[in-house]
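Here is a brief report on packing and surface in one model.

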Amino acid sequence: MNRFLYTALLTGWLGSAYAQPLHTAGQVPATDEPISVTMTLDQCIALAIDNQPSIRQAQLQQQIADNTVEQTRKSQLPVVSAFTNQGQNFGRNVDPYTNSITNSQIATSTLGVGASWTAFNGFQLKNTLAQQTLTAQASQFELAAAKNSVTFNVLLAYLQVLTAQDLDRASSMQVQVSQALVDRTEKLVKAGTTAPYNLYDARSQLANDQIQHVQTETNRKTALLTLLQLLNLPATTQLVLDHINDPSTVTTPSPGNAYQVYSQAQTFMPDVLAANLRTKASQLGLKLAKGLAYPSVTLNASWGTSYSSAARRSVMTGDMVEQTTTGFVDVSGQSYPVRVLTPVTGAEDIAYFQQLTNNQYKSLTLSIRIPILNGFQVRYRTTNARLQQQLAESQAESTRRNLRQAIDQSVTQQQNAYDRYTALSAQVTTLTQSFQAAEARYNAGLLPAVDYNLAKSNLDKATISLIQARYERILRDRIVHFYQSGTL
């Protein structure tokens, strides 16, 4: 997971998110009619993962890596190909059947099958397949890391909405209390039992609470819009969220267990696992570079045949012709030339398939290529591969360090959130009692409006801080639990 995400989640305060600008997470389809949806945290996370373009991109990257592995695995098989050529030769050319010069038009046809198999090439295919397999596994973990990133973003946005809703309800109640105070003060002023300036103070407090209510309403809408954009839902969607565990049901944090949490987290956190696999893949890259210096052995086999329309063969016609030879015989001292009967021969075309049968050729070769000098490619590639390995190791170490620091922060902030929530709970209890006493004294005309407003303001501030601390503690507990188990 990106270290900037860790920083945003582990050091940010829920209340400060309302002052931040909105960030659009995906395209939001437009609609004129509002849609009402009720969702839990798990449902929001699942929907965001399904709708996030970044998750889809990570899935495609994983599929590409898997396809590359399968392609490399199949590339270890022999390469078999078939070929055929059909041609027409015009004018003066060579008869491919007799290799003689001819001026006639000749139709030719060749066909064949060839196979080539790399028997050895410095373990290049083997190491390439192993490296790409590791890369594909790393892509799977990177996909899981991308889902974790979306999960944390949705968790933060979800809690921001719940916080804003509770603050908005608390602000609405403050307005109601201030309005009731104004109504009572008006009656007391009319009855002459209190001074008119008390009414001015009460109305001033009501105006302040109304402005605060407008701000909390704006914060609630902003937080809800941020969550809707993460879910890729229309801005008009009426989203109703289920509340999650109250801090009172969460186990009290154990201080000083950051190293134990880190020891567990590094065994299953996809960021660390992906970085470790990338390191192993870079080690194989070094072997690949060194393998270029080894000889390569290739086995080739081929079969083919051909046809030519100029091919002819001699045939007997059955007729005989008398021919004079160069020989002579003596008869009674007289020389006579020798005459013989010779059969008459002719030429006929050789059938297409008969030529294909007669003209077959086969070959089997073994070739060995020994690299002697190739522009020092082995040296430079080995150096680059070694640097890539060192870079991968450094990135893996940085990932583990970021995880350890994030866990140290999360465990510390979990303890701080617990302590702050406990202190604020006690403060709200005390201020509630103080406000009730002040309210009773004010109603009896024994307390000025300024002191009453001060008691109310103190209680309001503490109540707002308690609401923020409640969800802050939930967030910190969920994060630590995630590092311990891998799930929220």
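## Core and surface

Leaving aside neighbours within four places in sequence, alanine 136 is in contact with Ala65, Asp66 and Val69. The model is predicted. Alanine 136 sits in helix H4. Its separation from valine 69 is 67 residues in sequence, yet the C-alpha atoms are 7.4 Å apart in space. Is alanine 136 buried or exposed? Its relative accessibility is 6%, so alanine 136 counts as buried, the cut-off being under 20%.

Next, the nonpolar cores. The largest one holds 51 residues. Leu227 and Tyr483 have the most contacts inside it. Elements giving two or more residues to this core include strand S6 (238-241) and the helices H2 (41-51), H3 (53-74) and H5 (196-231). Helices H6 (258-265), H9 (377-443) and H10 (449-485) are also among them. H4 (124-191) is on the list too, and H4 gives the most, with 15 residues. Another core, of 21 residues, lies apart from the largest one. Val175, Val182, Val428 and Tyr442 are among its members.

The surface has a nonpolar patch with about 1200 Å² of accessible area together. Its residues include Trp117, Leu299, Phe376 and Tyr380. Strand S10 (residues 361-369) gives the most to the patch, with 3 residues. Leucine 299 lies in strand S7 (residues 296-308). With a relative accessible area of 34%, leucine 299 is partly exposed.

The two residues with accessibility values are set out here.

Conventions: Residues numbered from 1 in each chain as written. Predicted model: local features only at pLDDT ≥ 70, side-chain atom pairs only at ≥ 80, totals over all residues. Heavy atoms only, no water. Core = buried A, V, L, I, M, F, W, Y, C linked by side-chain atoms within 4.5 Å. Buried < 20%, exposed > 50% of the residue type's maximum accessible area, 1.4 Å probe, protein only. Helix = DSSP H or I, 4+ residues; strand = E, 2+ residues; numbered from the N terminus. Contact = heavy atoms within 4.5 Å. Patch = residues over 30% accessible without salt bridge, like charges linked within 9 Å, V, L, I, M, F, W, Y side chains within 5 Å. Areas by Shrake-Rupley, 256 points an atom, 1.4 Å probe, with all protein chains shown as cover. Salt bridge = Lys/Arg side-chain N within 4 Å of Asp/Glu carboxyl O.
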